[in-house]
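Hi,

Here is the structure I promised to pass on. Have a look at it first, and my notes on the ligand site follow below.

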Amino acid sequence: MKNDRLRVALPKGRMSDESLDFFSSRDLSSLKQTADGRELILHDAKHPVDFYLIRSKDVGAYVEQGAADLGVMGLDVLLEHDFDVFIPAKLPFGDCRLSVAYPEGKLDWQKKSEIRVATKYPKLAREYFFRRGFNIRTIELYGSIEIAPLTGLSDVIVDLVSTGATLKANHLVEEEIILESSARLIMNPSSFALQRSRLMQFIDTLF
Ligand code: PRP
């Protein structure tokens, strides 16, 4: 189905400001003004483009199902969830890393027969520890992951690190980087098949 307007799903949360800044700076000028409100759909005034403000994990579902033609998503979330989408471009923001961390002075977790790993990324954590030959149990959490090993819920965490301030404030040691992540533009495969030139033209204006 061809829509009159392009539909772009943007993540709320960590990459929200950077995403809006990126598109706003590309002459999609109405975005910043209205984004301060509670509206979840922003209509660009100059171009036939609508932006949906969506929880970052849900951007994949919108684009995969074709409710949005394009979306912005971190590589970390993309690899964790295996969405069936095209990835036409790397975007110049959202830099962070997915790392293993543990409480200062508690390196003995490596000797445990089963390591408890608190994370929002159970798949990537399992793949990483499997490669290292460790037996683990993942505890899936939704936020404030750093508290888990401090309260005895887990031995280590696998979580995003950006500035490192949260790790430092909670006396956690970054042990190893699992993945270097940043934002990606994602695209619905059917939209690409049906509206190829319009989408490529739009992507061209972004770079
Ligand atoms: C992310 C991540 C870390 C923090 C890292 O959390 O899960 O907690 O940012 O950033 P830093 O290295 O710059 O300190 P987010 O703010 O998305 O909130 P959450 O804990 O609710 O997931």
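Which helix and strand each supply at least two residues of the shell around the ligand? They are β9 (156–161) and α7 (165–169), with helices (H or I, at least four residues) and strands (E, at least two) taken as DSSP runs numbered from the N terminus. The largest share of that shell, three residues, comes from β9.

Before the details: this is a predicted model, where local features need pLDDT of at least 70, side-chain atom pairs count only at pLDDT 80 or more, and totals for chains, interfaces and linings use all residues. Residues are numbered from 1 along each chain as its sequence is written, and side-chain values use heavy atoms, with hydrogens and water left out.

In the shell, 13 residues surround the ligand (a heavy atom within 4 Å). The closest include Lys-120, Glu-146 and Gly-164. Polar contacts here are pairs of N or O atoms within 3.5 Å. A polar side-chain atom of Thr-166 sits 2.4 Å from a ligand oxygen, one of Thr-163 lies 2.5 Å from a ligand oxygen, and a backbone N or O atom of Ser-162 is 2.8 Å from a ligand oxygen. The protein covers 69% of the 490 Å² of accessible area that the ligand has on its own (Shrake-Rupley, 1.4 Å probe).

The ligand takes up the space of the largest pocket, with more than half of its atoms within 2 Å of the grid points. Pockets come from a 1 Å grid over the protein atoms alone, as open sets with protein on both sides within 12 Å along at least five of seven lines; lining residues have an atom within 4 Å of a point. This one has a volume of about 610 Å³, the space filled by probe spheres set on the points. Of its 27 lining residues, those closest to the centre include Arg-14, Ser-56 and Tyr-121. The largest share of the lining, four residues, comes from α4.

Best wishes

Methods:
Polar contact = N/O pair within 3.5 Å; in protein donor to acceptor, adjacent residues only side chain to side chain. 1 Å grid on protein atoms, 1.4 Å probe; cavity = no way out; pocket = protein on both sides within 12 Å on 5 of 7 lines; lining within 4 Å.
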